[in-house]
Amino acid sequence: MAKKKNDSIMDKIVSLCKRKGFIFQSSEIYGGITSCYDYGPLGIEMKKNIKDYWWHIMVRSRSDIEGLDAAILMHPRVWEASGHVSTFTDPLVDCKKCKNRFRADQIENRGVCPTCGGELTEERQFNLMFKTFMGPVENAASVVYLRPETAQGIYVNFLNVQQAMRQKIPFGIAQIGKAFRNEITPGNFTFRTREFEQMEMQFFVKPGTDEEWFEYWKEQRMKYYEHLGVDTSKLRFHQHAENELAHYAAAAFDIEYEFPFGTLELEGIHNRTDFDLSQHKEYSGKDQSYFDEATRERYIPYIIETSAGVDRTLLTCLIDAYEEEQLEKDTRVVLHLAPHIAPIKAGVFPLVKKDGMPEIAHKIVSDLQNHYLVFYDQGGAIGRRYRRMDEVGTPFGITVDTQTLEDQTVTIRERDSMGQVRVAMDKLREYLDEKLKYPE
Ligand code: ATP
């Protein structure tokens with residue numbers, strides 16, 4: 001089963017995403033809008049599965065992390081306190097000849113256009129926050145921003161959550177939500193877009209214990225990608241050097257993946273020290289310290305942040321799972337998605353459209369539908385139906401055949417091995433439950 005992946009893999013992924021209903025260009029009938037994408041029926045299922053699994057391991061299965069869903073629009077002072085108004089900028093340059101625009105820090109040969117070799121303009125600092133106005137009057141007093149990260153919604157709710165849930169440090173707050181950045185050079189499909197979704201968890205710890213927690217979260221977060229089925233040989237940590245560190249961070253590691261267009265960040269793990277809560281204390285005038293009942297100490301906690309992109313994770317899983325398998329007569333396109341993130345869990349097929357097989361297959365669908373997304377298909381030869389499911393990563397095919405009529409068993413065909421087993425119809429749910437459970 002040799003993996004055949006070549007340079008045009010991104011074209012293949014983009015085309016598959018559109019053809020099969022994972023991801024569409026936004027506003028396509030109007031010619032599209034740069035770097036905005038819509039998730040179709042299968043894309044949204046897969047996205048939801050990725051987020052559900054993150055929520056499961058980060059929130060539901062632990063007693064030291066609470067969930068939150070903060071508003072996208074926040075008080076503009078938040079972004080002054082966080083440093084985004086003054087420092088959330090990228091250096092922008094334009095080519096005087098071909099007029100292309102670049103991020104100066106991403107150009108190898110400073111001053112020279114990477115596209116045409118022309119001369120570049122001086123660097124200008126460009127703020128990445130989207131600005132809009134609250135209410136009917138458009139003036140400086142009504143400016144608000146679309147949040148560029150979900151983290152700040154967590155910081156300003158630190159004491160609300162801590163007190164409401166009677167949490168003790170160390171504990172964390174997790175949130176999944178949209179973020180917006182007016183990126184200078186979006187691209188590589190959904191890798192870098194201007195509207196995207198983040199899964200962030202901020203863990204509040206006692207100063208002095210931060211380095212230990214930082215190590216703990218690095219390890220935990222790497223496991224997440226392994227459990228999503230991502231090829232571990234393509235994952236790695238990248239430690240930020242002193243000159244790469246963001247203004248708030250004492251230490252930072254990225255989890256990177258070897259994409260076809262470069263080894264790039266999937267998730268950032270940062271030791272943000274007491275920077276954020278101290279800033280909010282100063283700008284809001286409200287104390288943000290925590291009182292430790294046991295030791296009778298009062299302090300501003302340090303924060304270990306884990307910040308992942310939903311869209312980048314989904315793209316990673318698609319790229320990593322894509323395979324063109326050379327069979328004797330043709331090529332099988334298959335997405336080897338981990339069963340728990342695959343959009344459709346099982347295809348259900350009557351072998352022929354008669355002898356009561358469609359009715360039995362429909363009954364199986366209606367039983368399983370209460371628990372998983374399954375797909376009924378009676379069109380064409382059974383081999384073709386299996387292939388259609390392989391292409392969208394469906395891990396199991398359930399076929400109602402002649403033997404079903406005799407002994408109430410069905411054939412289950414497994415996507416990766418293409419092996420087949422017979423399972424009693426009344427044991428189907430049990431069988432799938434076992435196969436679809438979250439990795440431990
Ligand atoms: P990059 O260096 O790629 O611009 P960053 O270091 O600015 O990323 P963070 O601020 O650490 O990114 O954001 C955390 C995560 O959010 C990233 O690891 C990524 O998965 C996701 N993310 C950030 N910017 C974008 C974007 N423009 N499009 C899609 N996902 C993004």
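The structure is a predicted model. Its mean pLDDT is 95. The ligand sits in the largest pocket, and 16 residues surround the ligand.

**Confidence**

- In this protein, 98% of the residues reach a pLDDT of 70 or more.
- Residues 1-6 fall below 50 in pLDDT.
- That stretch, residues 1-6, still has 13 contacts in the model beyond near neighbours in sequence.

**Around the ligand**

- The closest residues to the ligand are Glu183, Arg192, Thr193, Glu265 and Leu266.
- Three strands each supply at least two residues of the shell around the ligand: S10 (195-205), S13 (262-271) and S16 (302-309).
- Strand S13 gives the largest share of that shell, with five residues.

**Polar atoms at the ligand**

- The side chain of Arg192 has an N or O atom 2.7 Å from an oxygen atom of the ligand.
- Glu265 also places a polar side-chain atom 2.7 Å from an oxygen atom of the ligand.
- Phe191 uses its backbone instead: one of its backbone N or O atoms lies 3.5 Å from a nitrogen atom of the ligand.
- How much of the ligand does the protein bury? On its own, the ligand exposes 590 Å², and the protein buries 85% of that.

**Backbone features in two loops**

- Ile169 and Pro170 are joined by a cis peptide bond. Its omega is about 10°.
- Pro170 is in the loop that runs between helix H6 (158-165) and strand S9 (171-180).
- Asn188 is not a glycine, yet its phi is positive, at about 55°.
- Where is Asn188 found? Asn188 is in the loop between S9 and S10.
- Strand S10 also returns us to the ligand, as one of the strands that supply at least two residues of its shell.

Terms used
Residues are numbered from 1 along each chain as its sequence is written. This is a predicted model: local features need pLDDT of at least 70, side-chain atom pairs count only at pLDDT 80 or more; totals for chains, interfaces and linings use all residues. Side-chain values use heavy atoms; hydrogens and water are left out. pLDDT is the predictor's confidence in each residue, from 0 to 100. Contact means heavy atoms within 4.5 Å. A residue is near a molecule or strand if one of its heavy atoms lies within 4 Å of it. A polar contact is a pair of N or O atoms within 3.5 Å; within protein, one must be able to donate a hydrogen and the other to accept it, and residues adjacent in sequence count only if both atoms are side-chain atoms. Accessible areas come from the Shrake-Rupley method with a 1.4 Å probe; for residues, only the protein chains shown count as cover. On a 1 Å grid over the protein atoms alone, a cavity is a set of points where a 1.4 Å probe fits but cannot get out, and a pocket is an open set with protein on both sides within 12 Å along at least five of seven lines; lining residues have an atom within 4 Å of a point. A molecule sits in a cavity or pocket if more than half of its atoms lie within 2 Å of its grid points. Helices (H or I, at least four residues) and strands (E, at least two) are DSSP runs, numbered from the N terminus.
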